[in-house]
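Open the model in your viewer and keep the selection tool ready. We will go from the whole chain down to a single pair of residues.

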Amino acid sequence: MSATAVHSLWTTAAEVEPLGRIPTPHIEYAQLAPALIVVGAAILGILVEAFVPRRARYHTQVFLAVVALAAAFAAVVGLAAGGYATTEKQIAAMGAIAVDGPALFLQGTILLASLVAVFTFAERRLDPAAHGNRIDSFAAEAAAVPGSDQEKAAVKAGFTTTEVFPLVLFAVTGMLVFPAANDLLTLFIALEVFSLPLYLLCAVARRKRLMSQEAAVKYFLLGAFSSAFLLFGIALVYGYAGSVSYARIADVVEGSVRTIDPALADTMGNDALLLIGGAMILMGLLFKVGAVPFHMWTPDVYQGAPTPVTGFMAAATKVAAFGALLRLLYVVLPGLTWDWRPVMWAVAIVTMLGGAIVAITQTDIKRLLAYSSIAHAGFILAGVIAATPEGISSVLFYLLVYSFVTIGAFAVVTLVRDAGGEATHLSKWAGLGRRSPLVAAVFAVFLLSFAGIPLTSGFAGKFAVFKAAADGGAAALVVVGVISSAIAAFFYIRVIVLMFFSEPRPEGPTVAVPSPLTMTTIGVGVAVTLVLGLAPQYFLDLASQAGVFVR
């Protein structure tokens with residue numbers, strides 16, 4: 001065929017079916033500012049690693065991370081003040097991101113929690129100096145084999161893994177997008193963006209490196225399983241609704257869509273696809289929340305990861321995952337409430353009881369706090385199950401309370417040390433109240449808040465979720481929750497008794513004197529615990545104003 005003949009084929013085809021223009025994407029940068037600021041700082045952090053001299057990296061990275069998180073929080077406050085949490089709420093980024101009350105409230109909580117968590121990452125006074133260099137919680141050289149000559153040379157040279165700061169910022173970026181995602185693909189991408197940095201952060205402990213790497217591998221493998229479940233669920237729900245957009249799926253569930261994509265005519269509206277796909281997406285989210293029976297990774301990962309990472313992960317991941325879970329159940333599947341509520345009832349009951357009962361048997365403080373976090377996931381699920389506006393606002397308030405108490409508690413754990421690093425075995429905490437009354441008293445405040453004792457923020461949070469559940473017709477769940485709280489109170493108070501009413505051992509651990517960074521983290525945790533316990537009303541009102549989703 002000649003060139004002219006081929007050319008005539010092209011021009012004819014073009015005349016018959018003209019190529020449509022690719023639409024220009026319309027992005028509302030101001031509404032996406034919090035996530036854009038943090039991801040921009042994370043990219044700058046990578047450039048710092050490449051171009052800034054090694055001795056200046058630590059200070060540069062800490063400064064960059066703190067400024068970025070503070071600026072992103074200021075952007076969230078600016079959006080809320082501009083009415084985006086109430087009257088001006090909208091869907092941004094061509095339908096991918098929701099800018100509404102719950103999204104902004106959760107983003108603000110994640111950013112504040114991450115900011116105080118970063119101070120514990122930057123702490124360099126807890127261990128004695130090695131070879132004249134101050135050291136932090138992270139491996140001198142993450143790529144070196146534990147115990148190898150390469151690692152010893154890195155420690156002697158005073159190397160530090162300052163890459164943890166950009167990794168934290170990437171994780172925070174994913175967490176900011178996760179509860180605000182307005183379609184299933186954005187949800188999945190955000191999940192991966194915050195999960196992958198966490199897998200790496202879990203593996204870089206300076207002490208007990210093999211245990212740390214084992215924790216990271218467990219988290220990675222189980223996390224990959226949960227991501228696969230989520231992705232397969234998304235595929236099935238797409239087959240059911242012909243779209244990954246939350247609003248479109250909700251319309252198909254409610255039966256208000258009449259136009260059917262011919263390519264999906266055989267599967268659209270098939271309830272089996274919806275129920276199986278929805279269940280798989282829920283499984284992926286419940287894994288991140290740490291609900292039973294998807295909780296098996298939690299105690300091992302919390303114990304093995306560097307303690308600053310454990311505190312950050314325990315607080316911020318829960319906030320992001322519960323935000324995504326709320327949006328999925330309240331925006332996408334309100335038409336399936338009768339289907340998902342019984343399942344969530346069962347999950348909440350076994351999570352509350354399982355976390356509380358197994359925690360009693362623990363002898364390691366980090367594992368005890370891990371099972372405690374599982375029990376708290378069950379308490380928060382009670383608020384999710386309410387399926388009322390009060391349910392949303394009570395969950396938002398509980399997440400705010402829980403995140404600061406958790407980071408504060410893990411910051412205290414970093415202070416109690418012996419020759420091998422952190423002394424996490426409970427027997428070593430005996431008599432801590434006599435050796436260091438202030439540290440023991442602060443830890444007791446956090447434990448009492450976890451237990452839900454009045455005048456602490458934990459009581460206000462539990463009261464809010466249980467009241468919402470009871471008003472939503474889940475009174476039996478509240479009874480189980482109160483029983484679980486009583487069981488949990490036993491092991492929290494047991495630790496307090498151990499600290500204040502046991503004789504200290506002569507060979508017991510010492511309490512390290514931290515820098516102002518960790519003091520700030522612990523101080524903020526105590527202040528939030530007491531303020532939200534004594535005067536919670538303003539924050540409860542804020543949560544109820546922010547409790548309406550946009551669709």
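Here is the tour, stop by stop.

First, some ground rules. This is a predicted model, where local features need pLDDT of at least 70, side-chain atom pairs count only at pLDDT 80 or more, and totals for chains, interfaces and linings use all residues. Residues are numbered from 1 along each chain as its sequence is written, and side-chain values use heavy atoms, without hydrogens and water.

**Select everything.** Show it as a cartoon. The protein has 21 helices and 5 strands; helices are DSSP runs of H or I of at least four residues, strands are E runs of at least two, and both are numbered from the N terminus. The radius of gyration is 25 Å, close to the 24 Å that the globule rule gives for 551 residues, so the protein is as compact as a globular protein of that length. That radius is taken over C-alpha atoms, and the rule is 2.2 Å times the number of residues to the power 0.38. Along the principal axes, the C-alpha atoms fill a box of roughly 90 × 60 × 40 Å.

**Switch to the surface.** Of the 551 residues, 58% are buried (under 20% relative accessible area, 1.4 Å probe, protein chains only).

**Select 416–418.** This is strand 3. Two strands pair if DSSP finds at least two bridges between them. Strand 3 runs antiparallel to strand 4, joined by 2 bridges.

The open sheet has the order 4-3-5.

**Zoom in on Arg417.** Which residue in strand 4 is the bridge partner of Arg417? Select Glu422: that is the partner.

Notes. Buried < 20%, exposed > 50% of the residue type's maximum accessible area, 1.4 Å probe, protein only.
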